[in-house]
Amino acid sequence: MDFGFTEEQRMVQEMARSFAEKEIAPFIDEDEKNHHYRREILSKMGELGLLGWSIPEEYGGNGMGWMEGVIALYEIAKVHTSWRLSISGNCWGPAMTINEYGTEEQKAKYIPDLISGKAVGSFAMTEANSGSDVGAMKTFAEDKGDHWLINGTKMWISGGHVSDIGLLYAVTTEGGGPRGLSCFIIDYNNTPGITRIPIHEKVGMWPAPTSELVFENAVVPKENLLGPLNKGFQICMWQLNNTRMGCATGAAALSAACLEGSVNYANERMQFGQPIGKFQMIQQQIAEMKLEDDAAKYLVYRAAWLKDKGLPSQQETSMAKLYACNAAVHAANVAMKIYGSYGYSTEYPCGRWLRDAKQFETLEGTSNIHTTIIAGIELGYQPNR
Ligand SMILES: Cc1cc2nc3c(=O)[nH]c(=O)nc-3n(C[C@H](O)[C@H](O)[C@H](O)COP(=O)(O)OP(=O)(O)OC[C@H]3O[C@@H](n4cnc5c(N)ncnc54)[C@H](O)[C@@H]3O)c2cc1C
């Protein structure tokens, strides 16, 4: 594993950084206040090739892999973590999963629009009564001979009400639990029977749309089954092992934003005739943030490196996600303390950092679930995939 970036990786980093500074940073306050999602940011990311990691070039991929994708997502999420979802919601979610499990027709039909940013992607497994327990979902896809008839409700779906193309996980064999699930590609603009309801009451991630999706006799073409029938659980776990990298990288980036902000503030804020950074207790806080920040980042790089090599990475992905999530929550909490009263003011980003950091403890596997995966693999109860 080489810790130094290649020339190409440095260029990716620079491009993503300047994109985030130009296209995302100037609108943060306005978008936070209005809970506003800017679709044009996704289109611009697509134009720059920022959505096409580890995807064959024939479908619009940029010829680069996981490490470059992680570098790009990190720079974007450091400016605002909501925008990390563009890469995981389009590329590492639907595009990559269709590329792995899809037919030639499915790949040619759906991947290019996801990678170019023409389409907004999503993936939907969670329901009101089925979160960690994916196999308990109730949304049912009935085989009607020439089409699938889908009924049920998905909750907490990122990008759901603005999505054009999404993956949907549903029951195809009643009572089969994880062995009775299948995966479908949903063309949201051309599928009758779907009602999409925005979820506005969220603690954070305000510019990122989150939705409830109601399927009422939704008619889905037969050919939209992705992968083998009743293999949806395996497909879902494979997808999560990829999309969780979006959380891991986003959390590491958020931790870095908190550290950078705290260092600047500690050097500027004067108390007792000196910058507060000169006080040992502030130094202790900065040192702890720095340690955790570096550890989180290198765990993310290791998982990306393993994926680029095609090696098992499930345990390392869970380690990166869990550790980076803890680092982000801790860093956001400490940043608010270092900024003092100004940390509590909405004119500074500490409140947003803290609100946004808390998401990582829940989505794409709660911290308990990742602890279970790490321990289960370590104890030999399940293989590292
Ligand atoms: C902002 C946001 C965006 C999201 N985006 C998406 C999306 O795009 N697509 C999607 O499908 N879902 C999405 N989700 C849903 C998310 O993935 C789920 O919320 C998550 O999987 C947890 O499920 P739950 O909320 O039902 O919690 P539960 O599963 O009910 O868990 C509640 C508590 O019980 C604990 N627990 C549960 N099972 C165990 C166990 N076996 N061992 C130990 N502890 C356990 C959990 O750790 C947690 O502390 C999103 C959620 C949020 C908040």
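Begin by colouring the protein chain of this predicted model according to its domain assignment, which gives domain 1 (7–119), domain 2 (122–230) and domain 3 (233–378).

Next, select domain 1 together with domain 3, whose C-alpha centres lie 21 Å apart; their contact takes 20 residues from domain 1 and 22 residues from domain 3. On the side of domain 1 that touches domain 3, the elements giving two or more residues are α4 (66–79) and α5 (84–101), and α5 gives the most, with ten residues. Colouring this side of domain 1 by residue class shows eleven nonpolar, five polar and four charged residues.

Now select helix α7 (residues 232–268) and helix α11 (residues 350–359), whose axes come within 10 Å and cross at roughly 160°. Since angles over 145 degrees count as roughly antiparallel, α7 and α11 are therefore roughly antiparallel to each other, and their crossing is left-handed. To display the contact itself, pick L254, A257 and C258 of α7 along with W353, D356 and A357 of α11; the residues of this contact divide into five nonpolar, no polar and one charged.

Finally, turn to the ligand and show the 19 residues around it, of which T126, G131, S132, T366 and N368 come nearest. Which domains each supply at least three residues to the shell around the ligand? Both domain 2 (122–230) and domain 3 (233–378) do so, while among the secondary-structure elements β1 (121–124), β3 (147–158) and α12 (367–378) each supply at least two residues of the shell. By class, the shell around the ligand has eight nonpolar, ten polar and one charged residues.

Note on methods. Residues numbered from 1 in each chain as written. Predicted model: local features only at pLDDT ≥ 70, side-chain atom pairs only at ≥ 80, totals over all residues. Axes fitted to C-alpha atoms, helices over the stretch in contact; angles between N-to-C directions. Helix = DSSP H or I, 4+ residues; strand = E, 2+ residues; numbered from the N terminus. Parallel < 35°, antiparallel > 145°, perpendicular 65-115°, else oblique. Left-handed = near helix turned anticlockwise from the far one by under 90°. Contact = placed C-beta atoms within 7 Å. Nonpolar A, V, L, I, M, F, W, Y, C, P; charged D, E, K, R; others polar. Near = placed C-beta within 6 Å. Domains from an automatic or database assignment.
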